[in-house]
Amino acid sequence: MLSPWRQDRGGNAVAPSDFRRTRDRVLVLDPIDEGALAHLARHYDLTVRYGPSAGELVELICDADAVVLRSGARLPAEVLAAAARLRVIVRAGSGTDNIDLNTARRRGIGVFGVPGESASAVAELGIGLLLAVARKIAVADRRLRAGVWDKPNLAGIELGGKTIGIVGQGHIGVALARLASGFSMNILAAVDNPTDERRDRLAGQGIGLVGLPELLAESDIVALAVPLTPATRHLIGAPQLRRMRPTALLVNVSRGGVVDETALLEGLVRGDIAGAALDVVTAEGTRPALADLDQVVLTPHIGAMTAEAQRRIGETVIRTLATALSGGEPENRIC
């Protein structure tokens, strides 16, 4: 089927011209695709505010019919309590740890996500981070820029033949496994609901389904691809790090809170594991103590930050808003 979407000269997503024009008020709190933003400006009473203070956010949300946000903004109970008109929240990405879902549910606010559109981008970054820490690319770059030719101390490891243990087999975990197979890696996976049917299906893809303790003990690389929930907060702490091999590497492309960063810092210094590559930290926007270690590679939550992923996400945001605000039922409802 041909897509009704086209791209302008800048490569931005442009929606069909027959989308219904409304006067619903839409509040955008985090950057989204420019083409999607332009469409929202044409079809809604649009307000765009990035990084508002708590007080300003309460004022902004009080007359909004819909809110669009990514991971930067937060909608706690006290903010949602002020949202007298709010009917729709669209999380332009995956993960809802920044939205009080219980309050949204009680107030009858529909919450919708875009969970799969950035999976390939996040998985590709995960492999990039793994290569950066495994081959010491980041530290080599820093030393060369500082005028230090340190080739003898920059020997790394190859990925081929190594075992990668992927925690989580959602959209991102599946994409990670697909890319890892291209490096001739052995793949283990741990999931929260390890049924026999799922075990057989993963086995058919060359993936061994095991429990988390076994995955930690048997993997050369542990990659985290799970949402942040009460069950996954500090899923990796001191006991889990001690189960891992001293030569193992940890990759986190999920959420910072999935890892106990204090335990990780201490474990790296102690030599429990050899290195870590993180796209996420607990306190975003700050310099983590882990940045002091050469065996750590850090990026500022850029997993979904590709032009292609943002375009796809923007298109889904537009469709979701159009359907939900007109009384329809989008397929990507969270609650």
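# A friendly tour of a predicted protein model

At 39% relative accessibility, Glu218 counts as partly exposed (buried means under 20% relative accessible area, exposed over 50%, and partly exposed in between, using a 1.4 Å probe and protein chains only). This is a predicted model, in which local features need pLDDT of at least 70 and side-chain atom pairs count only at pLDDT 80 or more, while totals for chains, interfaces and linings use all residues. Residues are numbered from 1 along each chain as its sequence is written, and side-chain values use heavy atoms, with hydrogens and water left out.

## Charged pairs

Which residue does Glu218 meet in a salt bridge? The partner is Arg245, at 3.8 Å from N to O (a salt bridge is a side-chain nitrogen of Lys or Arg within 4 Å of a carboxyl oxygen of Asp or Glu). This pair links distant parts of the chain, 27 residues apart: Glu218 belongs to helix α9 (residues 212-218), and Arg245 to the loop between α10 (238-243) and β12. Helices (H or I, at least four residues) and strands (E, at least two) are DSSP runs, numbered from the N terminus.

Side chains of opposite charge can pair when their charged atoms come close. Searching the whole structure turns up 17 salt bridges. One of them joins Arg25 and Asp45, whose closest N and O atoms are 3.6 Å apart. Here too, distant parts of the chain are linked: Arg25 sits in strand β3 (residues 25-28) and Asp45 in strand β4 (residues 45-48), 20 residues apart.

Another salt bridge brings together the side chains of Arg312 and Glu117, at 3.7 Å from N to O. Arg312 lies in helix α12 (residues 307-325) and Glu117 in the loop between β7 (110-113) and α5 (119-134), so this pair ties together parts that are 195 residues apart in sequence.

How exposed are the residues in these pairs? The table lists some of them.

| Residue | Relative accessibility | Class |
|---|---|---|
| Arg25 | 31% | partly exposed |
| Asp45 | 28% | partly exposed |
| Arg312 | 29% | partly exposed |
| Glu117 | 26% | partly exposed |
| Arg245 | 28% | partly exposed |

## Inside the protein

Now for the nonpolar side chains. The largest nonpolar core has 34 residues, and Ile164 and Leu176 touch the most other members (such a core is a set of buried Ala, Val, Leu, Ile, Met, Phe, Trp, Tyr and Cys residues joined through side-chain atoms within 4.5 Å). Two or more residues of this core come from each of α5, β8 (163-167), α7 (171-182), β9 (186-190), β10 (207-209), β11 (221-224) and β12. Which element gives the largest share? That is α5, with 10 residues.

Setting aside neighbours within four places in sequence, Leu176 is in contact with Ala123, Gly126, Ile127, Ile166, Ala223, Ala225 and Val253 (contact means heavy atoms within 4.5 Å). There is also a second, separate core of 28 residues, with Leu216, Ala248, Ala263 and Leu290 among them.

Is Val251 buried or exposed? Val251 counts as buried because its relative accessibility is 3%. This residue is part of strand β12 (residues 249-252). Beyond its neighbours within four places in sequence, Val251 has contacts that include Gly126, Leu130, Ile221 and Ala277. The C-alpha atoms of Val251 and Ala276 are 5.8 Å apart, although 25 residues separate the two along the chain.

Helix α1 (residues 34-43) has buried residues as well: Gly35, Ala36, Leu37, His39, Leu40 and His43. At the start of α1, a side-chain oxygen of Asp33 comes within 3.1 Å of the backbone nitrogen of Gly35.

## Two domains

The protein chain is divided into domain 1 (25-113 + 308-326) and domain 2 (118-298), with bounds that come from an automatic or database domain assignment. Their centres, taken over C-alpha atoms, are 31 Å apart. Eight residues from domain 1 and seven residues from domain 2 take part in the contact.

The size of an interface is often given as the accessible area lost when the parts come together. Between domain 1 and domain 2 the buried area is about 530 Å², with carbon and sulfur atoms giving 42% (buried area is the accessible area, with a 1.4 Å probe, that two parts lose on being put together, summed over both).

How many salt bridges are counted between domain 1 and domain 2? The count is one. On the side of domain 1 that touches domain 2, α12 gives the most, with three residues.

Conventions
A polar contact is a pair of N or O atoms within 3.5 Å; within protein, one must be able to donate a hydrogen and the other to accept it, and residues adjacent in sequence count only if both atoms are side-chain atoms.
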